[in-house]
Amino acid sequence: MRERFPGIGPDWARLDGPAGTQMVDTAIDAMAEFLRSGDNANGHGHFAASTASTELVDDARATVARLLGADAEGIVFGANMTTLTFAMTRVLARGWEPGDEIVGTRLDHDANVTPWQLAADDREAQLVLAPFDIETGRLDPEAVIDRIGPRTKWVTITGASNALGTMPDLAPVIEAAHAAGARVFVDGVHLVPHAPVDLDALGCDIFVTSPYKWYGPHSGVMWIAPDLRETLTPYKVRPASNAAPERFETGTVSFEAIAGIRAAAAFLLETGVGEIAAAEGARFEPLLRGLQAFPHVVVHGPNTVFDRTPTVSFTLTGHEPDAVAAHLADRRIAVWSGNYYAIETMAALGLQTGAVRAGVSGYTCEADVTRLLEAVGELAP
Ligand SMILES: Cc1ncc(COP(=O)(O)O)c(C=O)c1O
């Protein structure tokens, strides 16, 4: 698996996957091949290159749809999750009235909080955030369900926390929201690389994911449920297609990124996300246990390997997170420090300067984990 990632050399232990993974070889090649092929043209024209671009996009929608267990007609390509979410919340808010409510969570990345807050502010609606258990890092579905009321329009929830790795149980939340007449938006950015997703079975209304977290290029994908994709009124220019899903894609899409997304999705389908998750789990368990064994390390979030992604946040007694990350970088270990934009989560945990985050990806090897644990051990007070 490791040899499929040209960006992974012998020098660095790349534990920065939750912020973006290295690209798989076929996705890199697909982007370069598209740009070299002469097919680089806008879609829906009358010449061969344009037809090829149209076919690329159609096929990429179908491939990503297979990965997500969804239908291709709901797959929208965009710049990244944040941009797609800002655009969509603005569209959804067109139907909100003063006093309407949105329920979110404190486990979410800010890209799934602030777009809702600003859209709610525009309509004098309220965003209410459900708390998580700060001891375990777990989000009790009841904490969300309890906040759903007759004025709730949308429930927005993370599929997996990019800070703590927690994977909330989405099914009861979706069921309760729908029973109350509310819709559900799921941030799948940190979920898709680490767990098989079946949107047909999940039953949410909108789902977002970012291919650059799953070995593809910097880009975003949104899936929209059939009734919404037809009935919502997106902000769009007049000559652009009124047909879904194109009506949600403002301006010209990045065809080269879509070539890369298709290849990355095909890689996940061929390899199996379940298989990747199992390999990650074998690396993650010693990493988590090793961190927990240090008396000077505090692991934040779940202390078990179950119902979580292979991502862990930790702090070291007597050392600021940024200083720890710099020390690790000196030893050629790439991790992130700070809040990783999960500002509600970090505030709930009382971590003013954040934490250090290490994430296992499909290409992580045993030596990466050993190197991290040895370097953390060097910082014992
Ligand atoms: C859980 C989660 N949601 C949303 C985002 C934002 O994604 P994007 O960079 O595609 O806007 C991130 C990025 O780190 C994330 O980890």
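Which helix holds the place of Glu344? Select Glu344 and look: its place is in helix H12, residues 343-348. Keep in mind throughout that this is a predicted model.

**Stop 1: Glu344**

Stay on Glu344 and show its surroundings. Leave aside its neighbours within four places in sequence. Glu344 is then in contact with Arg106 and Leu129.

Glu344 and Thr370 are 26 residues apart in sequence. Draw a line from C-alpha to C-alpha, and the two are 31 Å apart in space.

**Stop 2: the ligand**

- Thr82: an N or O atom of its side chain is 2.5 Å from an oxygen atom of the ligand.
- Tyr212: a polar atom of its side chain lies 2.4 Å from a ligand oxygen.
- Lys213: a side-chain N or O atom is 2.6 Å from an oxygen atom of the ligand.

On its own, the ligand has 390 Å² of accessible area, and the protein covers 90% of that.

**Stop 3: helices H9 and H10**

Select residues 255-271 for helix H9, then residues 273-293 for helix H10. How do their axes meet? They come within 6 Å and cross at roughly 75°. Angles of 65 to 115 degrees count as roughly perpendicular, so H9 is roughly perpendicular to H10.

Show the side chains where they touch. H9 brings Phe267, Leu268 and Thr271 to the contact. H10 brings Val273, Glu275 and Ile276. By class, four residues of this contact are nonpolar, one is polar and one is charged.

**Stop 4: two backbone details**

First, some background. Most residues other than glycine have a negative phi, and most peptide bonds are trans.

Go to the loop between helix H8 (226-231) and H9, where Pro245 lies. Is the peptide bond from Ala244 to Pro245 cis or trans? It is cis, with omega near 0°.

Finish in the loop between helix H1 (25-37) and helix H2 (48-68). Select His44, which lies in that loop. His44 is not a glycine, yet its phi is positive, at about 65°.

Definitions and conventions: Residues are numbered from 1 along each chain as its sequence is written. This is a predicted model: local features need pLDDT of at least 70, side-chain atom pairs count only at pLDDT 80 or more; totals for chains, interfaces and linings use all residues. Side-chain values use heavy atoms; hydrogens and water are left out. Axes are lines fitted to C-alpha atoms, for helices over the stretch in contact, and angles run from 0 to 180 degrees between N-to-C directions. Helices (H or I, at least four residues) and strands (E, at least two) are DSSP runs, numbered from the N terminus. Angles under 35 degrees count as roughly parallel, over 145 as roughly antiparallel, 65 to 115 as roughly perpendicular and the rest as oblique. Contact means heavy atoms within 4.5 Å. Ala, Val, Leu, Ile, Met, Phe, Trp, Tyr, Cys and Pro count as nonpolar, Asp, Glu, Lys and Arg as charged, and the others, Gly among them, as polar. A polar contact is a pair of N or O atoms within 3.5 Å; within protein, one must be able to donate a hydrogen and the other to accept it, and residues adjacent in sequence count only if both atoms are side-chain atoms. Accessible areas come from the Shrake-Rupley method with a 1.4 Å probe; for residues, only the protein chains shown count as cover.
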